[in-house]
Amino acid sequence: MNQTKLCQDTRARSSLPKKEALRRHHLAQTLRMPLKKKPSALNADTYALNWQQEMIVIKDCRYRPKLARPLIRWLLRRECKAYQRLYGTELVPEWLGWLDKDAFMLRYVPSIPISKLDTRQLIQANLKLQKSVEILHERRLFHMDLRSGGNILVAPGGRVYLVDLTSMVKLKPWAVPFAWCFRRWDEYGLQKWVWRVISFLAAREEILSIKNRLVGF
Ligand SMILES: Nc1ncnc2c1ncn2[C@@H]1O[C@H](COP(=O)(O)OP(=O)(O)OP(=O)(O)O)[C@@H](O)[C@H]1O
Ligand SMILES: [Mg+2]
């Protein structure tokens, strides 16, 4: 799908047009909240902003070195395709369209990354995450970057959102016999969060046993 077609498609589906459309020149007058700790030359900026009472996330490569920009644009287009494939599902934040050829927009999800959850929240999130990844795999889609805590967002009600779809792979039907290795990679990502629960619980057991021993004194 070429860039123009993609823009038309996404504008048609976007829920923004009823209000004034956000344009690049508006960004200069709007307060932006960076969502990434460490910007890198080969990665887009990710920031949130409030546009006409709606919180929007923008992934933007406009201010990256000129030589690196074509590659980052290609990555953004790849990611955009992945968001479009999952448009309307509950797995990812809502896709809102391209700002221009250097940036796309998503609906902001009030959430915390899975890496910041406590034990109880993490147990629930793990169950939902497993389900989401199963749904993804049924569609022959593989996230491929589930070990990064920032890529799994958990909303206050417990709903899990997957973001950062740059590495997502969509297997063609003829490639299905190779699905196991992509599935395995995602499972390896999921294991990290299961192990975290286990280590939290093990640490709690240990603290309890130390406490019991101290009380015995
Ligand atoms: N729709 C959203 N709602 C809320 N927060 C979001 C949304 N999309 C992304 N974020 C936050 O922004 C951060 C960066 O986004 P993303 O992972 O897509 O960018 P990235 O360039 O791959 O960053 P990184 O290199 O840190 O992984 C995420 O870790 C997440 O916390
Ligand atoms: Mg990320």
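**Figure 1. The largest nonpolar core of the predicted model comprises 41 residues.** Within this core, the residues with the most contacts are Ile56, Tyr83, Met105 and Ile152; a nonpolar core is taken here as a set of buried Ala, Val, Leu, Ile, Met, Phe, Trp, Tyr and Cys residues joined through C-beta atoms within 7 Å. Helix α3 (residues 69-85) gives the most to the core, with 5 residues, and because domain 1 (3-107) and domain 2 (112-215) both give residues to the core, it lies between them. Domain bounds come from an automatic or database domain assignment. Met105 touches Leu22, Ile56, Val57, Ile58, Leu96, Gly97 and Leu99, residues up to four places away in sequence not being counted; two residues are in contact if their C-beta atoms, placed from the backbone, lie within 7 Å. This is a predicted model, in which local features need pLDDT of at least 70 and side-chain atom pairs count only at pLDDT 80 or more, whereas totals for chains, interfaces and linings use all residues. Residues are numbered from 1 along each chain as its sequence is written, while chains are lettered from A and ligands numbered from 1 in the order in which they are written.

**Figure 2. Ligand 1 is surrounded by 18 residues.** The closest of these residues are Leu35, Pro93, Val109, Gly150 and Asp164, a residue being near a molecule or strand if its C-beta atom, placed from the backbone, lies within 6 Å of it. The shell divides into 10 nonpolar, 6 polar and 2 charged residues, where Ala, Val, Leu, Ile, Met, Phe, Trp, Tyr, Cys and Pro count as nonpolar, Asp, Glu, Lys and Arg as charged, and the others, Gly among them, as polar. Domain 1 (3-107) and domain 2 (112-215) both give residues to this shell, and ligand 1 therefore lies between them.

**Figure 3. Asp164 and Arg140 are loop residues with a positive phi.** Asp164, which is among the residues closest to ligand 1, lies in the loop between β9 (160-162) and β10 and has a phi near 60°. Arg140 is found in the loop between α4 and β7, with a phi of about 65°. Most residues other than glycine have a negative phi. Asp164 counts as partly exposed because it has 19 C-beta neighbours inside 10 Å, and Arg140, with 16 such neighbours, also counts as partly exposed; a residue is buried if 20 or more other C-beta atoms lie within 10 Å of its own, exposed if 12 or fewer, and partly exposed in between, with C-beta atoms placed from the backbone.

**Figure 4. Helix α5 (residues 179-215) has 37 residues.** From its first C-alpha to its last, helix α5 reaches 54 Å, close to the 54 Å expected at 1.5 Å a residue, the expected span being 1.5 Å times one less than the number of residues. The buried residues of α5 are Phe182, Asp186, Gly189 and Trp193, and they pack against α4 (119-138), β7 (141-142) and β10 (169-170). Helices (H or I, at least four residues) and strands (E, at least two) are DSSP runs, numbered from the N terminus.

**Figure 5. Leu42 occupies the loop between β1 (32-34) and β2 (45-51).** With 11 C-beta neighbours inside 10 Å, Leu42 counts as exposed. Leaving aside its neighbours within four places in sequence, Leu42 is in contact with Ala68, Leu71 and Ile72. The C-alpha atoms of Leu42 and Ala68 are separated by 6.3 Å, although these residues stand 26 residues apart along the chain.
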